[in-house]
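Hi everyone, thanks for making time today.

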Amino acid sequence: MAQGRVIVVGGGLAGLSVVCELLERGCNVTVLEKEANLGGNSSKATTGIASPGSALQAAAGVKDDGEDLVKMEGPEGKALVKNGPKDVEWLTKILGVDSELVVRSTPGHKVARTVGTKTHFPGAVITYAAIHVLQQVASVKPDRLEIISNARVTKLLQTGAKVSGVEFTQDGETKSLKGQVVLATGGYSGDLSPSSILSTNAPAFLNYPTTNDERASGDGIRLGKAVGGATKNLESIQLTPTAAVIPGQEDSQFKIVLSDAILGAGGKLIDAGGKRFCDEMGSAQERVDAMSKSKAPFRLVISEDQSKQVEWLVNFYAQRKVMQTFGSARELARNMGISVLDTSIAPSSKLFVALVTPALYTSAGGLVVGVGAATGKVLGNKGQPIDGLFAAGESTDAPFPRLWSVSGIPLLYAINSGRLAGRAAAAGAGGNMAATQDLRDLIISSITSPLKVAQAAADEKKPDTEEKPLDQLSKEELISKIKGLQANPPAAAAVAAPAAPTGISMDEVKKHNTKEDAWIVINGEVIDVTKWIPIHPGGEQAIVAYLGQDASDEWNMIHKAGTIEKNLVAEGGNGPWNKGKLGGGAAPAAAAGGGGGDGGLTMAEVGKHITEADCWIVVNGKAYDVSKWLVVHPGGVQAITAYAGKDASDEWNCIHKPGTIEKNMFPGNPNGPVLQGPVSGAAVAAVVAAPADDDDPAPPGNGGIKGPLGAIIFLGINIVKMLLRTVFLTGNFQFKLDNNRKGTIRSACFLLTFTIIHVMGNFVGMIKGPLEANGEGYFFDRIAWTGGFGIWKEGPLGMSAVELYLAFALVLHVSVALKRSWDISLNYTIGTGRWNMLLSGLTILFFLTVHLADIRFSSQMTYTMLRPPTYFVAFPGVLEGRVFYETDESIPLTRVRDLYTREVELFKDFGTVVLYTACIVVFWAHMLIGWKKLTPADALQIPKDHVQTVTYMGWIAASAIASMYLSVVWFTYFAPVQYVEHVA
């Protein structure tokens with residue numbers, strides 16, 4: 001083992017690769033990281049690592065020699081393409097992440113050759129695995145590996161011209177270390193300050209936002225220059241064309257970069273006019289150049305079918321509102337204010353869409369490192385190697401600018417250059433250059449020492465064959481042993497979390513919301529993370545943002561299953577420890593601040609929580625925090641945010657079955673609504689509907705039929721079902737009247753259908769004149785014999801079957817609506833808008849009463865003679881527009897009501913016309929509001945993707961109905977009167 005120590009400055013992917021190589025070469029290593037955690041900017045990498053000729057490609061049947069990449073650059077590029085993939089396989093194998101890898105198509109490559117991960121971001125998976133392994137080594141072999149965080153290197157120490165160590169600050173103290181130095185601090189695209197490397201060398205790029213954080217500040221480049229290191233191409237910056245513009249954060253300088261894997265799966269880039277403007281599979285530079293010649297804003301669009309290849313990524317972006325969803329290309333075009341999209345966009349598919357813009361991504365310039373015998377060594381201004389100083393990753397000049405803009409190449413370079421620098425530093429420190437010690441030996445040692453393995457084996461019954469010593473195991477056998485030890489560690493090495501009390505309430509969790517006393521909830525477990533915050537691999541802020549809250553959704557998006565369990569420590573240890581199960585409810589109202597006089601929250605307090613990040617609503621007298629539920633709510637974000645800080649009981653109860661919010665509540669659903677407590681002065685809890693609405697949820701997606709045709713088919717089928725079950729199959733009449741919404745939904749469908757028939761008859765009748773109008777009236781009189789369903793022909797039930805069924809539907813609709821209004825709406829003020837349906841409904845009920853008195857039950861009705869069709873409809877005259885009367889004089893005349901004259905008498909009076917007009921407008925509004933509530937209801941069974949289309953169709957129908965009714969009234973008012981001969 002070498003006695004010399006190598007100091008690695010920086011803990012990103014390049015630095016981690018350096019450390020792994022040094023450890024395998026037998027060197028002692030100290031890692032200095034200026035942040036609290038290792039990982040660097042690499043941990044945010046979203047796409048993957050370019051790896052031509054990889055084993056993953058071979059397993060997928062992809063033949064690839066990478067020659068298309070080689071042709072792009074000179075010998076340096078060829079060396080990277082030919083040797084880099086071997087380094088990738090070396091690193092992923094020793095980290096044990098092989099099983100999580102997949103090969104994807106990404107821009108800049110002619111075949112699928114980018115190594116990504118099945119779920120989660122590849123940068124996070126690989127860097128976190130490396131961190132986990134190295135932390136285990138450091139804990140058991142502190143002589144071999146020391147990790148010092150929050151250590152900012154301020155100076156390289158020299159002995160003569162040789163770099164012999166570093167000076168660094170930690171916790172306000174200045175310290176020093178002796179040894180060879182490898183600089184792997186990353187690039188400089190995150191520092192936009194006036195004195196930055198970017199400002200000095202590439203000021204034109206300061207106008208762009210950046211996808212880098214403050215860690216990418218070029219520290220290593222400054223350190224190297226201070227001891228005479230040469231730099232090159234510091235003006236070389238690579239932009240990404242797919243930095244997301246998040247709604248509401250358009251002016252933010254920091255952007256999230258969207259994974260190139262989405263474009264590899266078939267995503268398209270479109271301009272402001274909805275047209276594709278580039279080859280999405282071109283390099284980043286080619287796409288950025290095309291953007292400079294096209295009109296912003298730009299959008300990345302991927303269809304639902306294409307997104308299945310990268311489902312985790314798309315879901316991640318969609319749930320965080322980085323991507324928005326649209327039901328079709330037409331809907332997106334409307335949103336963009338254009339008529340049509342590019343023909344390559346699937347016209348009827350659900351689309352995931354993100355606004356994108358060019359942004360700073362990577363820096364290709366840096367310290368000059370040597371090749372050949374000087375590989376990995378930092379060169380001076382005269383081309384001579386600086387003794388004791390090495391560099392890797394974005395701290396160095398990447399001598400292949402065209403290749404650099406190809407997806408996955410920067411990460412490939414980080415690993416390759418890291419391993420080369422590590423190998424060069426090991427040679428300088430006296431490391432073993434003839435053979436390497438497989439890092440997996442150290443991993444096994446970090447789990448349990450060989451002595452403990454031998455002792456554990458001695459305590460068990462010896463197997464039939466003698467177990468091989470560790471130094472005689474093959475790599476495959478070592479991997480098997482590692483996995484076995486990780487799955488079943490010896491008891492001596494196990495760290496058991498102490499028993500903790502169960503049933504911890506959210507009240508208690510919320511009290512522990514500071515860095516000095518920090519609890520979070522993960523998948524129903526309460527975790528004390530106080531001592532874990534400073535060493536969390538993802539950074540302090542990643543945990544601090546969720547102190548005192550349930551972080552399950554965010555945690556599961558980023559981490560593999562079992563990650564928290566792997567990191568648990570005993571109470572007092574430097575890591576998370578399990579306090580116990582979450583058992584109680586949310587904090588009571590008073591805890592949230594400002595309870596009402598009766599102990600509950602006030603509506604004023606609820607009204608303070610009106611943003612998507614902090615959203616409360618009131619449902620049936622109780623306040624719920626729905627901030628996390630917004631992104632997973634089946635009805636969409638807008639359906640909830642429209643009522644942020646308000647009482648949503650009426651709308652909620654109209655759409656949802658009883659018990660829906662209770663089923664979805666936290667903690668049963670980690671992302672569900674969190675009960676905050678009762679609300680004083682708000683609507684009392686709604687009366688629970690008698691038997692619960694048992695409709696199945698509406699079909700997901702488009703139900704198997706895309707586009708407007710699917711919307712029409714599902715609407716037609718389900719309206720027919722509603723009509724067949726209008727009155728007697730609603731569940732409302734069970735010895736008492738209840739407020740089950742089925743009564744209003746099904747009766748509304750029947751009444752709307754009848755209204756369409758009625759208005760069309762009225763419209764045609766008045767336009768065509770007295771004969772058609774009176775013939776249409778007689779059409780219904782001809783079935784009067786069905787009065788009382790053919791049983792009761794006199795009295796209240798003596799109406800025709802159609803009129804009687806219509807009356808039943810009307811009574812059902814009105815009575816259930818009044819019952820629901822009594823139970824729900826009357827608990828609100830008119831100003832809340834909760835009375836809209838009630839008031840408009842009462843207006844319509846008044847209007848119907850007046851209209852029936854004016855027409856159906858009028859005492860001023862006169863009569864005339866008409867030749868009615870033999871079979872209800874004058875089929876020979878349909879094409880002439882003559883439907884309800886005959887001209888054939890062989891057909892005898894029949895005495896009929898003169899509805900035409902009665903309507904003329906009514907609508908020649910201006911006051912009556914104004915009254916009817918006002919009531920028709922109210923009826924129109926009632927239809928618009930009611931239809932919007934009806935379409936998403938489970939009872940109507942409209943697939944989710946068709947709900948908006950069906951809503952628009954209903955609004956069009958409602959507008960047509962109102963227009964025809966108004967036309968009848970005003971046409972009659974202005975048209976000349978046609979003479980009708982009356983009879984007694």
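**A walk through the chain**

Let me begin with one cysteine: Cys-919 has a relative accessibility of 4%, and because the cut-off for buried is under 20%, Cys-919 counts as buried. One thing to keep in mind before I go on: this is a predicted model.

Cys-27 is another cysteine I checked, and with 0% relative accessibility Cys-27 is buried too. How many disulfides does a search of the whole structure find? The search comes back with 0 disulfides.

Okay, the big picture. The protein chain has 984 residues, and buried residues make up 52% of them. Its secondary structure comes to 34 helices and 30 strands.

Let's look at some helices. Two packed helices are described by the angle between their axes and the distance between the axes. So I'll give you both for each pair.

The crossing of α31 and α33 is left-handed.

If you'd like to find the contact on screen, the α31 side includes Met-837, Ile-844, Phe-846 and Phe-847. Across from them, the α33 side includes Leu-915, Ile-920, Phe-923 and also Cys-919, the cysteine I started with. Sorted by class, the contact of α31 with α33 has 11 nonpolar, 7 polar and 2 charged residues.

The other pair is helix α1, residues 13-24, with helix α4, residues 75-95. Here the axes come within 11 Å and cross at roughly 75°. That makes α1 roughly perpendicular to α4. On the α1 side we have Leu-13, Ser-17, Cys-20, Glu-21 and Glu-24, and they meet Trp-90, Leu-91 and Ile-94 of α4. By class, this contact of α1 with α4 divides into 5 nonpolar, 1 polar and 2 charged residues. As for the spacing you see along a helix, an α-helix has 3.6 residues a turn, so residues three or four places apart point the same way.

Let's zoom in on Leu-91, which sits in helix α4. Is Leu-91 buried or exposed? Its relative accessibility is 2%, so Leu-91 counts as buried. Leaving out residues up to four places away in sequence, Leu-91 touches Leu-13, Ser-17, Cys-20, Ile-126 and Ile-415. Take Ser-17 from that list: Leu-91 and Ser-17 are 74 residues apart in sequence, but their C-alpha atoms are 7.3 Å apart in space.

Thr-436 is found in the loop between α14 (409-428) and α15 (439-447). With a relative accessible area of 41%, Thr-436 is partly exposed. Which residues does Thr-436 touch, not counting those up to four places away in sequence? They are Glu-24 and Arg-25. From Thr-436 to Arg-25 there are 411 residues in sequence, yet 5.1 Å in space, C-alpha to C-alpha.

Let's go to helix α11, residues 311-319, where the buried residues are Trp-312, Leu-313, Val-314, Phe-316 and Tyr-317. After α11 comes Lys-321, in the loop between α11 and β16 (324-326). Lys-321 isn't a glycine, but its phi is positive, at about 65°. Its relative accessible area is 25%, so Lys-321 is partly exposed.

Phe-872 is also not a glycine and has a positive phi, of about 70°. You'll find Phe-872 in the loop between β28 (863-866) and β29 (894-897). Phe-872 is partly exposed, at 35% relative accessibility.

And finally, where is there a cis peptide bond? Going from Ala-296 to Pro-297, the bond is cis, with omega near 0°. Pro-297 lies in the loop between α9 (284-292) and β15 (298-303).

Note on methods: Residues numbered from 1 in each chain as written. Predicted model: local features only at pLDDT ≥ 70, side-chain atom pairs only at ≥ 80, totals over all residues. Heavy atoms only, no water. Disulfide = S-S within 2.5 Å. Buried < 20%, exposed > 50% of the residue type's maximum accessible area, 1.4 Å probe, protein only. Left-handed = near helix turned anticlockwise from the far one by under 90°. Helix = DSSP H or I, 4+ residues; strand = E, 2+ residues; numbered from the N terminus. Contact = heavy atoms within 4.5 Å. Nonpolar A, V, L, I, M, F, W, Y, C, P; charged D, E, K, R; others polar. Axes fitted to C-alpha atoms, helices over the stretch in contact; angles between N-to-C directions. Parallel < 35°, antiparallel > 145°, perpendicular 65-115°, else oblique.
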